[in-house]
Structures are given as structure tokens and as C-alpha cells.
Amino acid sequence: MAEKKSLGKEFSKGLISENPVLRLVLGTCPTLAVSVSVTNAIGMGIAATIVLICSNVVISALRKVIPSKIRIPAYIVVIASFVTIVQMLVKAFVPALNDALGVYLPLIVVNCIILGRAEAFAGKNPVAASFFDGLGMGIGFTFALIVMATVREIIGSGTFLEGIDSLTALFGVTSFTGFTLFENPIGVIVMAPGGFLVFGLVMALANKIAEGRGKPKAELKGCDACPMASACGAACVGGSCESSEKEEQAV
Amino acid sequence: MINGKKLNVSISPHLRSSVTTRSIMLDVIIALCPALIASGVIFGLRALILTAVSVAACVIFEYAFRKFSHRSNTIGDLSAVVTGILIAFNCPSSIPFWMVIVGDAFAIIIAKQCFGGIGQNFVNPAIAGRIFMLLSFKQMTQWTQPGAGFMNLAGVQAITGATPLAASAEELPSLWEMFIGMRGGCLGETCIAALLIGFIYLLIKKVISPVIPCFYIGTVAVIMLIYGKGDLTFTAYQLLSGGLVLGAVFMATDYTTSPISRKGKIIYAIGCGLLTSLIRLFGSLPEGVSYSIILMNIFTPLIERFTTPKPFGTPKKEKKQKEAEA
């Protein structure tokens with residue numbers, strides 16, 4: 001029973017309380033780049049989630065075999081293999097998505113959520129827990145992407161779910177191609193400054209919600225959750241590292 | 001309060017200047033009035049309505065956000081009114097009202113209040129609002145030509161044309177027309193004469209120092225003279241066109257976002273002038289006043305760091321010794 005409960009916890013923590021984008025501030029670069037349309041966000045979220053689950057499971061299974069000194073290259077090899085598989089699948093089945101995501105699809109290899117979870121969680125925990133951690137974090141990432149993309153697409157492009165037929169074509173549905181809501185959208189929102197703007201506002205909202213539930217503002221619970229824990233020189237003070245280190249990992 | 005009956009034991013300051021944020025902002029509003037009247041004459045009644053809408057929106061956003069964030073209300077200091085007027089001055093008169101309101105919302109809520117309100121904003125809110133609109137709406141660069149009639153309320157872009165910065169030589173209005181503002185452009189930027197009246201008023205009331213406007217416009221003049229190989233007409237057109245005078249007098253001189261020391265102001269103003277000239281001459285945009293001011297706004301803390309005045313009487317050597325010791 002206790003085992004089951006903790007697995008559920010590993011899964012649910014990634015959704016909101018340790019949401020990788022909004023609370024751990026990981027994977028910011030793909031988040032800003034991809035969240036211009038909801039279709040891209042869903043595609044990117046699914047691709048990253050698949051890679052995250054697979055790499056978490058494999059790394060967790062191999063955690064006693066991989067020597068700790070070369071673990072980062074080893075993790076990267078595992079992650080890159082899965083990214084290559086996913087990229088080939090996307091190219092074959094959803095070419096439009098491949099074009100839309102561009103370089104950010106192969107860049108999942110260096111997505112800090114995936115490497116961060118491998119380093120912080122999968123390298124130290126059993127396979128089942130790592131699977132649920134990956135699933136939760138992946139869905140959390142997708143959720144954050146979709147929230148940001150919804151805001152940015154509606155305000156910045158005046159459309160919603162534009163180009164969704166490239167995804168639904170997998171299931172043989174191509175009739176629905178998204179809504180066009182209005183003309184004269186506020187174009188800056190889909191540009192880079194708008195990305196930062198919406199990201200900041202959504203993060204502020206997430207902090208507000210977390211605060212309302214009596215949780216501290218975006219911060220890590222102890223060194224175990226910190227992706228930089230093993231490389232971090234700071235002393236572990238009361239389950240959290242020194243503030244300067246904490247800020248660094250946020251980059 | 002020395003004239004009180006009891007012995008006053010409050011801490012200093014005991015004598016206060018009568019200058020308040022409110023009085024300064026009121027002076028700025030008065031200084032903007034000639035340009036406002038000119039915009040009404042040049043572009044018609046819609047220009048005045050647009051300004052009123054923008055001011056109302058700014059004040060309402062400021063009031064609502066301060067209320068929402070449980071902070072003291074600051075609409076009484078009139079800074080939101082100034083922002084509202086300046087944003088309207090940065091729009092062509094044909095722009096739909098809701099676009100101006102969106103720009104106001106960005107300027108007041110994001111650029112000003114999210115950073116702590118007046119005195120805390122890292123860029124000038126009016127410039128931020130203008131750039132937000134410029135990046136978003138193509139209507140921001142559809143200039144209405146003057147003479148559409150005073151009662152032309154529809155905002156139909158019946159007579160639109162390029163701003164003189166992008167126009168070819170034959171279409172250019174004469175220098176006198178440029179000076180009195182009979183040309184296409186944003187509401188408040190066209191009538192140079194009215195802006196200069198406001199400038200002189202601000203100088204007399206000592207609200208702004210002449211350093212920033214003079215060095216800003218001077219830098220642009222020098223660069224344009226060099227680029228035009230001494231062509232005075234070209235230089236004069238460059239100085240009178242676009243938002244240069246409006247930006248140099250009313251937006252680059254914002255207290256919060258410009259350096260305090262004289263040396264810092266000079267560096268800041270030359271930087272603005274340099275960037276404006278470079279954007280106009282070599283950039284892909286016809287106008288660069290707003291971008292150059294916002295960039296120098298961001299540089300202001302850095303400029304202030306290097307131009308901190310030495311306290312009176314501090315020997316020069318001491319600093320070097322300290323550095324050597326450290």
C-alpha cells in the first residue's frame with residue numbers, strides 16, 4: 001500500500017507542485033520557442049514525454065551498471081537514442097509537425113528536464129518510480145506548454161488549434177483545422193518578447209496558486225530534487241542548498 | 001514647521017520644497033498642451049478624442065491595478081495622465097481605439113506597475129507601450145495626412161501616406177511645413193513649433209534640464225551632417241521629421257529612466273542620438289527614436305554606476321589606493 005501511494009506521489013508531483021517548467025524552471029528554451037501554437041505545444045509535449053519516460057526507465061534500469069564518473073555521457077547516449085527514434089517517427093507520420101518544430105525536436109536531447117530527471121531521479125530510484133516520475137513530469141511539461149501556447153496563440157495570432165489536422169491526421173481525421181477567432185491580433189505576443197512576457201505572467205500565476213495552498217514559492221524540496229545536486233558544491237543546509245546555487249540551477 | 005507653538009522635535013528635513021510629483025507632472029501636462037492643440041488642428045477632432053481615451057484608459061488601469069494589488073492609490077500624482085497623453089501622441093490618428101487601450105494596458109500594468117509603480121519602472125512606460133503597439137499592429141505605421149477635415153471622426157485612412165523619413169524627394173513637404181507640423185505622422189510628433197514651446201516652458205519651470213534634449217538632438221545633427229557631407233537641408237529634414245523632438249524633450253528626459261548626474265545625462269543623450277541615427281541610416285526601420293530611448297533606458301543603471309559623482313572634498317588618490325589595497 002505504501003509503495004502504491006508513493007508511486008502516485010511520484011506521478012502527481014510533476015503536474016503542479018513540481019511542474020518542471022513553472023516551478024522548477026527547467027526546459028525554458030523549448031517552452032519559449034515552441035509555445036506559439038497549441039498544435040506545436042501538444043506535439044512537442046508528447047514527443048518530450050515519450051523520450052522522458054523511455055530514458056527514465058532505461059537509465060533507472062542501468063543505474064547500477066553506469067559508472068558515476070561518466071554518467072552524463074552515458075545518459076546523453078540513452079536520451080539521444082530515444083530522441084532519434086522519436087524524430088524518425090515524427091518525420092514519417094507527422095511531417096508537418098517536424099517542419100513546425102524544426103530544430104527543437106532534435107534539441108530534446110539537451111532538454112534540461114530530461115537530463116535533469118535522469119540525474120536527479122532516475123539515476124537513484126527504481127524503475128517503476130522512475131516511470132511514474134517521467135510520466136508526471138512529461139504531462140506537467142505538456143500542460144505548461146499548452147497553457148502558454150493557448151494564451152499566445154489566441155492573443156498573438158487570433159487563432160486556436162490552428163493546424164491541428166496535422167496531428168489528428170494520425171487518426172484519419174482531417175476535417176477540423178482549428179478556429180480563426182479574430183483579425184488584428186496582438187502580434188508581439190507570438191514574438192520572442194511576448195514569449196518571455198507570457199512565461200513570466202504564467203509563472204507568477206503558478207506561484208500565486210502554490211502560495212494559496214500554503215506551498216513555498218518556486219523552489220526545490222531538498223537537494224534530491226535538484227538536478228545539479230551532485231555537481232553542486234554548496235553544503236546541504238536543512239534540505240536546501242545555498243541561495244546562490246539555487247539561482248544558478250534555475251538557468 | 002518651525003512656526004508652530006510647540007518645540008518641534010521631528011527628524012529632518014524641516015523645510016520642504018513645494019515641488020511634488022504632482023506639480024512636476026502637471027507642468028509636463030501643461031507643456032504638452034500646445035502639441036495637443038496642434039494635433040487637433042492638424043489631424044482633426046479624432047486626435048483629441050484619441051488622447052482623451054488614452055488618458056482615461058491609463059488612469060483606469062493604474063487605479064484598478066493598484067486596487068487589485070492592495071497598494072496605495074497613485075493616480076493623484078498624474079503620472080498616468082502623462083503616460084496616456086504620450087502614448088496617444090505616439091499613434092497615428094486613424095488607429096482604432098481598442099489598440100490604443102491595449103498599448104495603455106501594457107504600458108501601465110506591465111511596464112510600470114509590475115515593477116513597482118512610479119519611480120520603479122526600468123523603461124519609460126509610454127515608450128514601452130508604443131513599441132508594444134508598433135510590433136503588434138500594422139495600423140501603427142499607416143499615417144494620416146493632415147487636412148482630412150476637423151470633423152473626420154471615422155478614422156478612415158482616406159489619405160494615408162508615408163512618413164517623410166520614408167518618402168522620396170518629390171513628396172517631401174517644405175521645411176516650414178515640417179516645422180509647423182503639416183505632414184503625416186503620429187499625433188504629437190509633427191508640430192515641432194508646439195513641442196518647442198512646451199520645451200521652453202519646462203526649462204523655465206526647471207522641470208527638466210536642457211542637457212538631454214540638446215545633446216540628443218545635437219548628436220543626431222552632427223551625425224546627419226557628416227553622413228550628408230555637410231548637406232544642411234538633409235540635416236534639417238532629419239531633425240524635424242519623425243518623433244525626434246517629441247522623444248528628446250518629453251520621453252528621454254523621464255526622471256526614473258534617465259541618469260541623474262550631468263556626465264551621465266550627456267553619455268545617455270549621446271547614446272540615444274547615436275542609436276537613432278544608426279537605425280535611421282542603416283537599419284531596416286524608418287524611425288528609431290523609440291528603440292534608441294528604450295535601449296538607453298536599460299543602459300541607465302550601468303551609466304549611473306560609472307558616473308557616480310565624488311563627494312565634495314574627496315581626494316582623488318584615495319580611491320586608487322583603496323583599489324590597490326583591495
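This report describes the two chains, their contact and some local features of a predicted model.

## Basis of the model

Residues are numbered from 1 along each chain as its sequence is written, and chains are lettered from A and ligands numbered from 1 in the order in which they are written. Because the model is predicted, local features need pLDDT of at least 70 and side-chain atom pairs count only at pLDDT 80 or more, while totals for chains, interfaces and linings use all residues.

## The two chains

Chain A has 10 helices and two strands. Helices (H or I, at least four residues) and strands (E, at least two) are DSSP runs, numbered from the N terminus. Along the sequence of chain A the order is α-α-α-α-α-α-α-β-α-β-α-α. Of its 251 residues, 39% are buried; a residue is buried if 20 or more other C-beta atoms lie within 10 Å of its own, exposed if 12 or fewer, and partly exposed in between, with C-beta atoms placed from the backbone. Among contacts in chain A with a separation of 6 or more, 73% join residues 24 or more positions apart. Two residues are in contact if their C-beta atoms, placed from the backbone, lie within 7 Å.

Chain B contains 13 helices and two strands. It has 326 residues, and 44% of them count as buried. Residues 24 or more positions apart make 72% of the contacts in chain B with a separation of 6 or more.

## Where the chains meet

Six residues from chain B and six residues from chain A form the contact. On the side of chain B that touches chain A, the elements giving two or more residues are α4 (97-112) and α5 (125-136) of chain B. The largest share, three residues, comes from α5(B). This side of chain B has five nonpolar residues, one polar and no charged. Here Ala, Val, Leu, Ile, Met, Phe, Trp, Tyr, Cys and Pro count as nonpolar, Asp, Glu, Lys and Arg as charged, and the others, Gly among them, as polar.

## The nonpolar core

The largest nonpolar core has 132 residues, and those with the most contacts inside it include V51(A), I79(A), I85(B) and A128(B). Such a core is a set of buried Ala, Val, Leu, Ile, Met, Phe, Trp, Tyr and Cys residues joined through C-beta atoms within 7 Å. Leaving aside neighbours within four places in sequence, I79(A) is in contact with V51(A), S55(A), V109(A), I114(A), L115(A) and A118(A).

Helix α11 (residues 262-282) of chain B has 21 residues and spans 30 Å from its first C-alpha to its last, close to the 30 Å expected at 1.5 Å a residue; the expected span is 1.5 Å times one less than the number of residues. Its buried residues include G264(B), I267(B), Y268(B), L275(B) and R280(B). The cover over the buried residues of α11(B) includes α8 (211-227), α10 (244-251) and α12 (289-306) of chain B.

## Two residues with positive phi

L161(A) is not a glycine, yet has a positive phi of about 60 degrees. L161(A) is found in the loop between β1 (159-160) and α8 (165-168) of chain A. L161(A) is buried, because 20 other C-beta atoms lie within 10 Å.

K229(B), also a residue other than glycine, has a positive phi near 50 degrees. The loop that holds K229(B) is between α8 and α9 (232-240) of chain B. K229(B) is exposed, with 7 other C-beta atoms within 10 Å.
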